[in-house]
Amino acid sequence: MRESAIMNIHYITGLAAIVLVGIHVMFRLIVPYGASLEYENVIANYQNLPYAIVLELILVTVAIHGFNGLRIVLIEWRQGDSWEKGVKWACVAAAIAIIAYGSRTILLASMGGAI
Amino acid sequence: MTKNIKLRMYRHIPGKDSPHYDTFEVPAERWTTVLDALLYAKAYNDHSIAVRYSCRMASCGSCGMMINGIPRLACYTKIYELDTDTITCQPLSNFPIIRDLATDFSTFFQHHKDMKPYIVNDLDDIDEKAREFLQSPKELEEFLQFSYCIKCGLCYASCPVVATDKKFPGPQALAQMYRYFADNRDQAADERLKIVDDRHGVWRCHFAGSCSKVCPKGVDPALGIQLLRGYMMGFAKKEKKEPILFAKETVA
Amino acid sequence: MVQKENREGVKGWLNPTRYGWARVSYWLQRLTGLGLLAYFIAHVIETSSLAQGKFAWEKMLELTQTTEGHIILIVVIGMCVFHAANGVRLYVAHGGKGVGAPGRPDYPYRPTSISLKMRACIWVSITLAALAMMYGASILFGE
């Protein structure tokens, strides 16, 4: 993938994350802080489909933006074909892992919590 | 008003001794530059000081060095403007040291050469019927300031990306890429964008702005790099215009 | 001829002084980015306790709803707001907008790319981050 394509994805996920995280924070602020952390209230939020979709999108956009940023920091720090390849695949794997793990939480919570 | 200042100079011959500092007492007038102080120390204190200089008027770019931690031209920096009685001179950062304050510019020049720093044009302007490519004052202003680069290396020394990334071309090379990209006589725009569209190319610039801060000629390399990137991000579009060859018949 | 490699290395990244506000914003953007990535990973792990039932969730809350946890969250709020606001500025600047236009350089050669407009945007990002941190502190420590 050309670096220009990767960077366009980086910019788009960054801008999207601002909007999505803004929505996430707003949802947390419309109820009193203590109440917003009660288990039943949190689960109820996950069972609201549009909100669960927002959370999933945050997961994807922030994971891509964050791990691409980490890839950039690491390839600037050290160069070499094997290092750069290793960093690329490690960041892709880490992003997929965190998206998978977070999606599992969203899915389970939206189905009512613990199995 | 003469005062004596302490000139603390980095001394090192790689492979022969370990880095250390020598301090010299040098008289300074209101108009004394750091280069004058270094040459005074070389003439009266230690003839073995290695320092590059040539024009003494910020035109050749030879005397670039770290002066009190910031890359500056020694001939262009007055002692009095530094507002301190101890001046520390070190070789330019990010350049390999040859000896004392003299550094190796080969990698820097190679990055510049990689940018194809010449007009690429199929039309031959060396022809008995033709004279030159037409370029209006407006078209000239698109790239003129970037052509004022004296390749002193101060921008390369200040760049935080160059500090660790050996493959990054540096602000000077990228600004020169924009200089030729923006020139209406050049026809290799697409090729130029492909050269810098690389993992270690224009995308590794984070607009820290240090290059423009230290440039002694007002080149503003950061501006050139962001303008170049704007074309790659789709914020700007380059018109494909054929450069016009000014023919002798037109004059007649 | 032996030469000595002389790159500044990570010290060059980590030192935000010497080159003005644009360099400070680069340093902050990098630090906040890495900090936010670390928080993001921790946040995904911490919220995964939801899937293990109420008891696991409340045990997690005991760990995070402490004074130290609140201070970390306030710092994260500041990092998030700065990184976002400065990120928007960088997105626009990287596209060549707001950085001025080329012209004939004249002494004293003030670069248009790091103009007052750009510096003001950096100060606004820092101010917004500080305000967000204060608001966050009022909510977290206010109850």
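Colleague: Which residues have the most contacts inside the largest nonpolar core?
Modeller: In this predicted model, the largest nonpolar core has 76 residues. Those with the most contacts inside this core are L7(B), A37(B), L38(B), L174(B), M177(B), Y178(B) and L228(B).

Colleague: Which residues does L228(B) touch, not counting residues up to four places away in sequence?
Modeller: L228(B) is one of the residues with the most contacts inside the largest nonpolar core. Leaving out residues up to four places away in sequence, L228(B) touches L174(B), M177(B), Y178(B), F181(B), V196(B) and V202(B).

Colleague: Which element supplies the largest share of the side of chain B that touches chain C?
Modeller: In this contact, 43 residues of chain B meet 35 residues of chain C. On the side of chain B, β6 (97–99), α7 (210–214) and α8 (221–233) each supply at least two residues. The largest share, seven residues, comes from α8(B).

Colleague: How many nonpolar, polar and charged residues are on the side of chain A that touches chain C?
Modeller: The contact takes 25 residues from chain A and 25 residues from chain C. Among the elements of chain A that give two or more residues to this side are α1 (3–29) and α4 (49–77), while α5(A) gives the most, with seven residues. Sorted by class, the side of chain A that touches chain C has 17 nonpolar, seven polar and one charged residues.

How values were computed. Residues numbered from 1 in each chain as written. Chains lettered and ligands numbered in written order. Predicted model: local features only at pLDDT ≥ 70, side-chain atom pairs only at ≥ 80, totals over all residues. Contact = placed C-beta atoms within 7 Å. Helix = DSSP H or I, 4+ residues; strand = E, 2+ residues; numbered from the N terminus. Nonpolar A, V, L, I, M, F, W, Y, C, P; charged D, E, K, R; others polar. Core = buried A, V, L, I, M, F, W, Y, C linked by C-beta atoms within 7 Å. Buried ≥ 20, exposed ≤ 12 C-beta atoms within 10 Å, placed from the backbone.
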